[in-house]
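Please read it alongside the sequence and the coordinates shown here.

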Amino acid sequence: MTTEQDLIKAYEREYDITLEALPETVTVRGNASAWGDEEDKAYEDGVIARLESGDQWAWFSAKVTVRDSYGREASDYLGCCCYGDARDFKLGGMYLDMIKACVDEIEQSDPLEIEDQ
């Protein structure tokens with residue numbers, strides 16, 4: 001059985017894939033969770049503390065960029081992310097979904113367009 005991690009490794013063999021944690025412009029308060037007032041505040045306090053200590057993975061916009069051997073590239077973005085680190089994000093299904101979206105965009109483009117530029 002093929003796992004998500006197997007698929008990611010297969011894509012990584014065929015494409016150059018980068019993950020960036022970009023600063024998130026959406027505020028943590030009111031956007032980090034939706035469990036209940038007390039639970040939300042406690043969670044948000046933890047996210048904010050991590051951010052204040054310089055942890056970029058506490059609250060970020062994810063940017064995944066995929067490049068092929070022809071020089072074509074595509075990027076996909078996901079905002080309001082909170083993960084432990086890059087490895088944690090890559091274990092979640094969103095990373096694979098973002099890679100697939102980029103690969104789909106690249107495969108729909110014409111490799112000859114790159115040569116004309």
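Contact here means heavy atoms within 4.5 Å, and angles run from 0 to 180 degrees between N-to-C directions. On that basis, helix α4 lies across β1, β2 and β3 and runs at about 150° to β3. The model is predicted.

- Three strands form an open sheet in the order β1-β2-β3, and their pairing is antiparallel.
- Strand β2 (residues 60–67) pairs with β3 in the antiparallel sense over 7 bridges.
- Ala 62 stands opposite Leu 78, a residue of β3.

**Packing of helices α1 and α4**

- Two packed helices are described by the angle between their axes and the distance between the axes.
- For helix α1 (residues 4–14) and helix α4 (residues 93–108), the angle is about 35° and the axes are 10 Å apart.
- The crossing in which α1 passes α4 is left-handed.
- On the α1 side, the contact involves Glu 4, Leu 7, Ile 8, Tyr 11 and Glu 12.
- On the α4 side, these residues meet Gly 93, Tyr 95, Leu 96, Ile 99, Lys 100 and Val 103.
- By residue class, the contact of α1 with α4 divides into 7 nonpolar, 1 polar and 3 charged residues.

**Aromatic residues**

- The structure holds 7 aromatic pairs.
- One of these pairs joins Trp 57 and Phe 60, with 5.0 Å centre to centre and 80° between the planes, an edge-to-face arrangement.
- A further pair is formed by Phe 60 and Phe 89: the ring centres are 5.9 Å apart and the planes stand at 70°, so this pair is edge-to-face, as planes over 60 degrees apart count as such.
- Trp 57 counts as buried because its relative accessibility is 12%, and buried means under 20%.
- Phe 60 has 0% relative accessibility and therefore counts as buried.
- Phe 89 is likewise buried, with a relative accessible area of 0%.
- Trp 57, Phe 60 and Phe 89 belong, together with Tyr 83 and Tyr 95, to one aromatic cluster.
- Tyr 95 of this cluster is also among the α4 residues that meet α1.

**Individual positions**

- Cys 80 lies in strand β3, and its phi is near 55°, a positive value in a residue other than glycine.
- Cys 80 is partly exposed because its relative accessible area is 33%, which falls between the limits of 20% for buried and 50% for exposed.
- Met 1 lies in the segment before α1 and counts as exposed, at 95% relative accessibility.
- Met 1 and Arg 29 are 28 residues apart in sequence, and their C-alpha atoms are 41 Å apart in space.

Conventions: Residues numbered from 1 in each chain as written. Predicted model: local features only at pLDDT ≥ 70, side-chain atom pairs only at ≥ 80, totals over all residues. Heavy atoms only, no water. Helix = DSSP H or I, 4+ residues; strand = E, 2+ residues; numbered from the N terminus. Left-handed = near helix turned anticlockwise from the far one by under 90°. Nonpolar A, V, L, I, M, F, W, Y, C, P; charged D, E, K, R; others polar. Pairing = 2+ DSSP bridges. Phe/Tyr/Trp six-rings, centres within 6.5 Å; stacked < 30°, edge-to-face > 60°. Buried < 20%, exposed > 50% of the residue type's maximum accessible area, 1.4 Å probe, protein only.
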